[in-house]
Amino acid sequence: FLNSTLPLVLTVTSLKYDFIPLKLAPSPIKTLALKGILSKTVLKPMLVDAHCHAHALQEAELKEYAGNMIIVSVSDDLGSSLKSLSLAEKFSNILPFIGIHPWSIGKVLRREIEEVMKLIEKRDEVRGIGEVGLDRKVRRTYQAQREVFEEFCKLASEYGLPMNVHAREAWREILELLRRFDIDSSVIHWYSGPLDFLEEIEASG
């Protein structure tokens, strides 16, 4: 689902890869819907993988896409965040998004969460925050997920960074928080909610 009037871009899928055909994307999102972060990168029509766990792939596999695809590399924890940053140094088509996945909440130490937040504050090469968000299916840690997600929203707002958000069964809460923290750009991942709620997301501007 892609709409040129909407900075909150949805990838309505639970698959590993979310492909957006860049040459088909209407202006003003010709350089990816994540608000201009590719304006100096895209020189020709390319595909954009808007949500890829590149840290889990072999570099030989990533090389196959170096000349024909922009990859938004989302992260799950501190280790994968550092790996995303490292991959971005090797591959100019990889955009590193770092964060703590909601499934990692309760498994990682608070120290690791704080280290990822420090990377966002200190590393200029960070291009966005993700994969972060909420997952109501993981009820045991839901309150902790929300607390951590709000912290990442604050950082995204403060540093003007786009977000890559996991939203399983928590679409309304996600939208409310994105509105509250005045987040300009976001990919909403794992959306499988009602179609009429998409209209509300679009109306949010």
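The paragraphs below treat the nonpolar cores and then the aromatic rings.

This is a predicted model. In soluble globular proteins, nonpolar side chains tend to be buried together. Here the largest nonpolar core comprises 39 residues, and those with the most contacts inside it are Ile-120, Ile-129, Phe-149, Phe-152, Met-163 and Ile-174. At least two residues of this core come from each of α2 (78–90), α3 (110–122), β6 (128–133), α4 (142–159), β7 (163–166), α5 (171–180) and α6 (195–203). Helix α4 provides the largest share, seven residues.

Phe-152 illustrates the packing. Leaving aside residues up to four places away in sequence, Phe-152 touches Gly-99, Ile-100, Val-116, Met-117, Ile-120, Ile-129, Val-132 and Met-163.

Turning to the aromatic rings, the structure contains two aromatic pairs. One of them joins Trp-103 and Trp-190 in an edge-to-face arrangement, with 5.7 Å centre to centre and 70° between the planes. This pair links distant parts of the chain, 87 residues apart: Trp-103 belongs to the loop between β5 (94–98) and α3, and Trp-190 to the loop between β8 (186–189) and α6. Trp-103 counts as partly exposed because its relative accessibility is 36%, a value between the limits of under 20% for buried and over 50% for exposed.

Charged side chains also sit over aromatic rings. Arg-168 lies over the face of Trp-190, 4.8 Å from the ring centre. The charged end of Arg-136 is placed over the ring of Tyr-142, at 4.4 Å from its centre.

Methods
Residues numbered from 1 in each chain as written. Predicted model: local features only at pLDDT ≥ 70, side-chain atom pairs only at ≥ 80, totals over all residues. Heavy atoms only, no water. Core = buried A, V, L, I, M, F, W, Y, C linked by side-chain atoms within 4.5 Å. Buried < 20%, exposed > 50% of the residue type's maximum accessible area, 1.4 Å probe, protein only. Helix = DSSP H or I, 4+ residues; strand = E, 2+ residues; numbered from the N terminus. Contact = heavy atoms within 4.5 Å. Phe/Tyr/Trp six-rings, centres within 6.5 Å; stacked < 30°, edge-to-face > 60°. Lys NZ or Arg CZ within 6 Å of the ring centre and 35° of its normal.
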